[in-house]
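Please read them with the structure open alongside.

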Amino acid sequence: TTEVLRLTDGSGNLQVLGSGLFGGNVSGSATSTGSFGVLKLDKYNSGLGGSDNTIFGIQTGEDLTSGNLNTLIGRSAGQNLTTSTRATFIGSYVGFATTDGASNTIAIGTNTMDSGTGTTNAVFIGRQAGQYTAGGDASGTVAIGHETLRYNQTGRYNTAVGYASMRQMSNSSEDGDSNTALGYATMYNFKPASDGDGDNTV
């Protein structure tokens with residue numbers, strides 16, 4: 001006799017063996033109980049910082065201690081953050097060297113706000129936007145566009161929108177506060193010490 005179909009292995013386990021052609025109708029019901037494990041995502045860093053962080057990526061948020069309610073997604077995003085809260089970093093190396101004081105800041109794009117320690121309540125969107133921003137005086141900044149405000153260090157309350165807008169602004173004895181630059185490469189080479197401290201609108 002050729003075995004065509006075996007439904008159990010003799011120990012109550014479902015097992016299908018053999019080959020053949022089958023016809024007709026099958027009806028009935030089945031139930032199952034038990035534990036099927038937990039879904040695990042590769043490089044999902046649970047258990048870092050507070051209990052309400054969302055962290056995904058290699059070395060992402062790995063230094064968080066008490067920081068909570070942060071969303072960090074991307075390779076090394078917010079890697080050195082410790083106690084900041086409500087920061088949103090999305091993209092590879094976003095806020096990579098930022099150590100603290102980035103609460104309520106949104107940074108989206110590769111290498112965006114890379115060094116933004118002490119920069120709170122700011123928005124950076126675009127690859128390398130605000131990349132070298134540093135210091136608490138850069139808080140309240142809005143930079144949208146590729147390389148906008150890339151070299152800003154301490155200028156605060158600036159709004160730059162457009163490709164490379166205010167890209168080269170570097171700070172020396174003057175802070176360069178409260179400037180508004182809209183458009184492609186607007187105020188590209190702005191230097192606060194020689195071009196006026198701030199309150200410019202272009």
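1. Where is Thr99 found? Thr99 sits in the loop between β5 (88-90) and β6 (106-108), where strands (E, at least two residues) and helices (H or I, at least four residues) are DSSP runs numbered from the N terminus. Please bear in mind that this is a predicted model, in which local features need pLDDT of at least 70 and side-chain atom pairs count only at pLDDT 80 or more, while totals for chains, interfaces and linings use all residues. Residues are numbered from 1 along each chain as its sequence is written, and side-chain values use heavy atoms, with hydrogens and water left out.

2. Thr99 counts as partly exposed because its relative accessibility is 36%; the class lies between buried (under 20% relative accessible area) and exposed (over 50%), with a 1.4 Å probe and protein chains only. Not counting residues up to four places away in sequence, Thr99 touches Asn80, Leu81, Thr82 and Thr117, a contact being heavy atoms within 4.5 Å. For Leu81, 18 residues apart from Thr99 in sequence, the C-alpha to C-alpha distance is 4.5 Å.

3. Thr83, in the loop between β4 (71-73) and β5, is partly exposed with a relative accessible area of 34%. Leaving aside neighbours within four places in sequence, Thr83 is in contact with Thr65, Ser66, Gly67 and Asp100. Thr83 and Asp100 are 17 residues apart along the chain, with their C-alpha atoms separated by 6.1 Å, and their side chains are joined by a polar contact of 2.7 Å. Such a contact is a pair of N or O atoms within 3.5 Å; within protein, one must be able to donate a hydrogen and the other to accept it, and residues adjacent in sequence count only if both atoms are side-chain atoms.

4. How many aromatic pairs does a search of the whole structure find? The search finds 3, where rings of Phe, Tyr and Trp (its six-membered ring) pair if their centres lie within 6.5 Å, and planes under 30 degrees apart count as stacked, over 60 as edge-to-face and the rest as tilted. Tyr93 and Phe96 form an edge-to-face pair, because their ring centres are 5.7 Å apart and their planes lie at 75°. Tyr93 is partly exposed at 31% relative accessibility, as is Phe96 with 29%.

5. Tyr132 and Tyr151 form a stacked pair, with 5.2 Å from centre to centre and 20° between the planes. This pair links distant parts of the chain, with Tyr132 in the loop between β7 (123-125) and β8 (142-144) and Tyr151, 19 residues apart, in the loop between β8 and β9 (159-161). Tyr132 is partly exposed at 34% relative accessibility, and Tyr151 is partly exposed with a relative accessible area of 29%.

6. Ile144, in strand β8, is partly exposed with a relative accessible area of 33%. Ile144 is one of the residues that make a nonpolar surface patch of about 630 Å², including also Phe56, Ile73 and Leu182.

7. On the whole chain, there are 1 helix and 10 strands, running β-β-β-β-β-β-β-β-β-β-α from the N terminus on. Buried residues make up 36% of the 202 residues. Among contacts with a separation of 6 or more, residues 24 or more positions apart account for 1%.

Notes. Patch = residues over 30% accessible without salt bridge, like charges linked within 9 Å, V, L, I, M, F, W, Y side chains within 5 Å. Areas by Shrake-Rupley, 256 points an atom, 1.4 Å probe, with all protein chains shown as cover. Salt bridge = Lys/Arg side-chain N within 4 Å of Asp/Glu carboxyl O.
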